[in-house]
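Below is a colleague's note in numbered points, meant to be read with the model open beside it. Please look at the sequence and the fold before going through the points.

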Amino acid sequence: MEKGILYLVATPIGNLEDITLRALNVLKEVDIILAEDTRKTLKLLNHFEISKKLISFYRHNEGVKLDYVISLLEEGKNLALVSDAGTPGISDPGEDLVKACIDNKIQIVPIPGAVAFIQGLICSGFDTTRFVFEGFLPMNKRGRRERLASLKEETRTMIFYEAPHKLKYTVDDLLDAFGDDRKVVFARELTKIHEEYLRMTLKEAKAYYEEKEIKGEFVVLVEGKTIDEKANISQESIEDLMKKYLSEGLDKKDAMKKVAKEKGITKSEVYKHLL
Ligand code: SAM
């Protein structure tokens with residue numbers, strides 16, 4: 001018996017017109033739709049006058065439902081996976097099901113459409129050639145701090161998802177990690193009536209969100225470290241390294257030699273930095 005196909009179908013992130021003709025056709029033609037929230041998907045389907053069997057498939061039941069879903073595909077059923085909004089698998093369920101399909105040699109077909117962070121990125125004004133999508137930061141404070149510490153030297157544009165009730169705390173954490181002057185863009189309510197882009201420094205953001213009631217959905221984009229900032233830091237770290245080696249008992253000449261090797265520069269460049 002021929003196996004079924006799993007379609008990963010992107011749905012709108014606000015504006016219902018952002019669904020593709022292909023997505024509508026696939027949703028009409030599959031046997032069953034796996035939905036993160038069946039009520040939300042039902043609204044979407046009703047809007048487009050599609051009537052289809054729905055199975056709930058969300059993060060906390062993903063593991064339990066995997067075997068069942070795979071058995072449907074093995075029987076030859078074609079399935080579509082949709083999330084509440086945007087592209088399945090992007091900060092939404094899908095990843096484990098895709099892995100299980102690969103393990104079971106079941107065909108996977110993406111049906112492209114909206115992804116919130118891509119819309120935020122292209123309107124940010126930051127570098128779009130090199131960027132890093134970080135999704136949601138870890139929930140616990142320590143995990144967040146560690147994740148942000150690992151991004152301190154990041155030169156690519158950094159993109160985060162955040163829930164409105166946590167945005168204020170996230171701004172505090174971003175400020176701690178990247179400093180007052182780092183540029184940030186809050187891409188809010190993308191594709192919806194109140195869509196807006198707030199462009200400011202992290203220091204300004206802290207003041208802004210202290211006053212403001214935070215509503216809606218946000219993509220947070222932080223500019224990567226610029227060359228100027230990097231130059232400052234590398235100078236500081238040369239000094240720090242020198243201090244470290246001198247305190248370990250090396251003489252000035254040997255310490256400079258070691259720092260030069262570590263930083264991949266010449267001894268005379270170390271000397272110039274220290275002057
Ligand atoms: N799968 C979705 C995608 O393709 O972008 C992401 C789902 S994730 C659970 C939800 C997060 O995406 C929100 O907390 C917000 O950060 C971001 N998001 C989704 N829709 C948005 C919108 N219309 N405007 C701004 N951010 C949005």
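1. The buried residues of helix α5 pack against the strands β6, β7, β8, β9 and β10. In this predicted model, α5 spans residues 116-124, and the residues of this helix that count as buried are Ala116, Phe117, Gly120, Leu121 and Ser124. They sit on the same side of α5, because the arc they cover around the axis is only 125°. Just after α5 comes Gly125, which takes a positive phi of about 85°.

2. Which residues of helix α1 are buried, and what covers them? In α1, which runs over residues 21-29, the buried ones are Ala23, Leu24, Val26 and Leu27. They too are placed on the same side of their helix, since the arc they cover around the axis is only 165°. The elements covering them include β1 (5-9), β2 (32-35), α2 (38-47), β4 (79-82) and β5 (107-111). Leu21 and Glu29 are exposed residues on the face of α1 that is turned away from its buried side.

3. The largest pocket deserves a separate look, with about 1300 Å³ of space in it. Its lining comprises 49 residues, of which Asp84, Ala85, Ser91, Asp92 and Glu217 lie nearest the centre of the pocket. By class, the lining residues divide into 22 nonpolar, 12 polar and 15 charged.

4. How many cavities of 30 Å³ or more does the structure hold? There is 1 such cavity, and the volume of the largest cavity is about 30 Å³. Lys168, Val171, Asp172, Ala205, Lys206, Tyr209 and Glu210 line this cavity, and they divide into 3 nonpolar, no polar and 4 charged residues. Both α7 and α8 (202-211) supply at least two residues each of this lining, with the largest share, 4 residues, coming from α8.

5. Is Arg182 buried or exposed? Arg182 is placed in the loop between α7 (167-178) and β8 (183-188), and it counts as buried because its relative accessible area is 4%, whereas the cut-off is under 20%. A polar atom of the Arg182 side chain lies 2.8 Å from the backbone oxygen of Glu223.

6. Glu49, in the loop between α2 and β3 (53-56), has a positive phi of about 55° although it is not a glycine, and it is exposed, with a relative accessible area of 74%. Thr191, in the loop between β8 and β9 (196-201), likewise is not a glycine and has a positive phi, in this case of about 70°. Thr191 is partly exposed, at a relative accessible area of 23%.

7. A last point concerns Asp240, which lies in helix α9 (residues 227-247). With 46% relative accessibility, Asp240 counts as partly exposed. Asp240 and Tyr169 are 71 residues apart in sequence, and their C-alpha atoms are 31 Å apart in space.

Note on methods: Residues numbered from 1 in each chain as written. Predicted model: local features only at pLDDT ≥ 70, side-chain atom pairs only at ≥ 80, totals over all residues. Heavy atoms only, no water. Buried < 20%, exposed > 50% of the residue type's maximum accessible area, 1.4 Å probe, protein only. Polar contact = N/O pair within 3.5 Å; in protein donor to acceptor, adjacent residues only side chain to side chain. 1 Å grid on protein atoms, 1.4 Å probe; cavity = no way out; pocket = protein on both sides within 12 Å on 5 of 7 lines; lining within 4 Å. Points joined across faces, edges and corners; volume = space filled by probe spheres on them. Nonpolar A, V, L, I, M, F, W, Y, C, P; charged D, E, K, R; others polar. Arc of directions from axis to C-beta. Contact = heavy atoms within 4.5 Å.
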